[in-house]
Each structure stands twice: as C-alpha cells, then as structure tokens.
Amino acid sequence: MPELFKAKVRKVGTSLGILIPKEFAEKEKIKEGETVDVGMLKESRIKIIDKAFGSAKGARPFSRDRSERSERY
C-alpha cells in the first residue's frame, strides 16, 4: 500500500498545486522534472472509509479450525 501524507492545495498561477514533503521525496527518490502518478482522497472521504471499516477494530484474528476436515476423509 502506498504511503500517505497530508498536503495543502495551493494556487500556482491559474492552476492548483500540491507540494511533496521533502522527507517523502527523498525516501521515494523523486527528482525535479520527474513524472509521478498521484492519487487523491479528500480527508472527509478518509473519515468515511475509516468509519466503515472501524467496526472490525479490536477483533480477534481469524483462524480456521480444520480438525473436522481430517475426520471426514
């Protein structure tokens, strides 16, 4: 899963831009002029996703009991 970071959208001329944090750029070895793929998810959408999947927080890990399977054959 790609690493996420928060960035503030800024006006750059007539467009909008996002700055990549220095630490992230160094870690991913991103250089000026290089083309990268960017995915965006607004913070409000992240909260919705966290809430939907939050019901499993604290649940015990699933383990399959296969003892019955060997008795059948």
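Phe5, Val9, Leu16, Ile18, Ile20, Val36, Val38 and Met40 form a nonpolar patch on the surface of this predicted model. Together these residues have about 780 Å² of accessible area. The model is a prediction, and the values here are computed from it.

**Chain overview**

The chain has three helices and two strands. Along the sequence they follow the pattern β-β-α-α-α. Of the 73 residues, 4% are buried. The chain exposes about 8,000 Å², and carbon and sulfur atoms supply 54% of that area.

**The hairpin**

Strand 1 and strand 2 (residues 15–18) run antiparallel. Four bridges join them. Valine 9 has isoleucine 18 as its bridge partner in strand 2. Both Val9 and Ile18 are also members of the nonpolar patch. Valine 12 is bridged to serine 15 of strand 2. Two residues lie between the strands of this hairpin. There, glycine 13 takes a positive phi near 65°.

**The aromatic pair**

How many aromatic pairs does a search of the whole structure find? The search finds one. Its partners are phenylalanine 5 and phenylalanine 24. The ring centres are 4.7 Å apart, with 50° between the planes. The pair is classed as tilted because 50° falls between the limits of 30 degrees for stacked and 60 for edge-to-face.

The pair links distant parts of the chain. Phenylalanine 5 sits in the segment before strand 1 (9–12), while phenylalanine 24 belongs to helix 1 (residues 22–28). They are 19 residues apart.

Phenylalanine 5 is partly exposed, with a relative accessible area of 35%.

**Around alanine 7**

Alanine 7 is also found in the segment before strand 1. At 37% relative accessibility, alanine 7 counts as partly exposed. Which residues does alanine 7 contact, leaving aside its neighbours within four places in sequence? They are Ile18 and Leu19. Alanine 7 and isoleucine 20 are 13 residues apart along the chain, yet their C-alpha atoms are separated by 7.2 Å. Ile18 and Ile20 are both in the nonpolar patch.

**The loop between helix 1 and helix 2**

Valine 36 is found in the loop between helix 1 and helix 2 (43–53). This patch member is partly exposed, at 37% relative accessibility. Lysine 29 has its place in the loop between helix 1 and helix 2 too. Lysine 29 is exposed, with a relative accessible area of 64%. Its phi is positive, at about 55°, although lysine 29 is not a glycine.

**Accessibility at a glance**

| Residue | Relative accessible area | Class |
|---|---|---|
| Alanine 7 | 37% | partly exposed |
| Lysine 29 | 64% | exposed |
| Valine 36 | 37% | partly exposed |

Phenylalanine 5 takes part in the patch and in the aromatic pair with phenylalanine 24. Isoleucine 18 is the bridge partner of valine 9 and a contact of alanine 7. Valine 36 brings the loop between helix 1 and helix 2 into the nonpolar patch.

Key. Residues numbered from 1 in each chain as written. Predicted model: local features only at pLDDT ≥ 70, side-chain atom pairs only at ≥ 80, totals over all residues. Heavy atoms only, no water. Phe/Tyr/Trp six-rings, centres within 6.5 Å; stacked < 30°, edge-to-face > 60°. Buried < 20%, exposed > 50% of the residue type's maximum accessible area, 1.4 Å probe, protein only. Pairing = 2+ DSSP bridges. Patch = residues over 30% accessible without salt bridge, like charges linked within 9 Å, V, L, I, M, F, W, Y side chains within 5 Å. Areas by Shrake-Rupley, 256 points an atom, 1.4 Å probe, with all protein chains shown as cover. Salt bridge = Lys/Arg side-chain N within 4 Å of Asp/Glu carboxyl O. Contact = heavy atoms within 4.5 Å.
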